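Q: I've got a new model open and I'd like to learn how to read its features. Can you walk me through it?

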Amino acid sequence: MPAVLAAIEFNGDGLVPAIAQQHDSGEVLMLAWMNRAAIEETLASGTACYWSRSRQRLWRKGETSGQIQRLVELRVDCDGDTVLLLVDQTGVACHTGRHNCFFRALRDETLTTIAEPLVAPESLYGEA
């Protein structure tokens, strides 16, 4: 574990962007942030843990919703300033109830919703 942590360039806030990607389909699920403790916990537990900037604490993906991400592989990019988590997603990845967070696309100069929720957000978290 020290080798991977030494390869990561954390920003001034001690964070690194983390892209979660479905390991078998290649679908990009979400982008979140990780600090050193989140990476250590992810590697130790085998499930994704991020740093919640809004709550200022570790955020264990699925801790309230049950929509966990089992880690298959962690990769570090060429500059060490981004990590890629190849995961096996249980359920939906997005807090809006969609399978991934990238459900809006620019179409004909308009930002268009291209995927509807699969699960009501309030059933996951109590609110969207």
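Q: Is Arg60 buried, partly exposed or exposed?
A: First, the general idea: buried means under 20% relative accessible area, exposed means over 50%, and partly exposed is in between, with a 1.4 Å probe and protein chains only. Here, Arg60 is partly exposed, with a relative accessible area of 33%. Keep in mind that this is a predicted model, where local features need pLDDT of at least 70, side-chain atom pairs count only at pLDDT 80 or more, and totals for chains, interfaces and linings use all residues. Residues are numbered from 1 along each chain as its sequence is written, and side-chain values use heavy atoms, with hydrogens and water left out.

Q: Which residue forms a salt bridge with Arg60?
A: The rule for a salt bridge is a side-chain nitrogen of Lys or Arg within 4 Å of a carboxyl oxygen of Asp or Glu. For Arg60 the partner is Glu41, and their closest N and O atoms are 2.7 Å apart. This pair links distant parts of the chain, with Glu41 in helix α2 and Arg60 in strand β4 (residues 57-60), 19 residues apart. Those labels are DSSP runs numbered from the N terminus: helices are H or I with at least four residues, strands are E with at least two. Glu41 is partly exposed too, at a relative accessible area of 22%.

Q: How many salt bridges does the structure hold?
A: Six. One of them joins the side chains of Arg36 and Glu40, at 3.7 Å from N to O. Both residues sit in helix α2 (residues 36-45), four residues apart, which is about one turn of the helix. Arg36 is partly exposed at 42% relative accessible area, and Glu40 is partly exposed at 31%.

Q: Which residue does Asp88 pair with in a salt bridge?
A: Asp88 pairs with Arg70, and the closest N and O atoms are 3.6 Å apart. Here, too, the pair links distant parts of the chain: Asp88 belongs to strand β6 and Arg70 to strand β5 (residues 69-76), 18 residues apart. Asp88 counts as partly exposed at 28% relative accessibility, and Arg70 counts as partly exposed at 41%. There's also a network, in which salt bridges that share partners join Arg55, Arg57 and Glu63.

Q: What about a charge without a bridge: how far from Arg98 is the nearest side chain of opposite charge?
A: Arg98 is buried yet has no salt bridge, and the nearest side chain of opposite charge, Glu116, is 4.2 Å away. You'll find Arg98 in the loop between β6 (83-89) and β7 (104-107). Contact means heavy atoms within 4.5 Å. Leaving out residues up to four places away in sequence, Arg98 touches several residues, including Phe103, Glu116 and Leu118.

Q: Where is Leu29, and is Leu29 buried or exposed?
A: Leu29 is in strand β2, and at 0% relative accessibility Leu29 counts as buried. Among the residues Leu29 touches, not counting those up to four places away in sequence, are Ala20, Val87, His99 and Phe102.

Q: Which residues make the nonpolar surface patch?
A: Patches are made of residues with over 30% relative accessible area and no salt bridge; like charges are joined within 9 Å, and nonpolar side chains (Val, Leu, Ile, Met, Phe, Trp, Tyr) within 5 Å. Areas come from the Shrake-Rupley method with a 1.4 Å probe; for residues, only the protein chains shown count as cover. Val28, Leu31 and Phe102 make a nonpolar patch of about 270 Å². Val28 lies in strand β2 (residues 28-34) and is partly exposed, at 37%.

Q: And what is the phi of Gln56?
A: Near 55 degrees, a positive value in a residue other than glycine. Gln56 is in the loop between β3 (49-52) and β4, and is exposed at 53% relative accessible area. Glu109 has a phi near 65 degrees, again positive in a residue other than glycine. Glu109 is in the loop between β7 and β8 (110-113), exposed at 78%.

Methods
Lys and Arg count as positive and Asp and Glu as negative; His and the chain ends are not counted.
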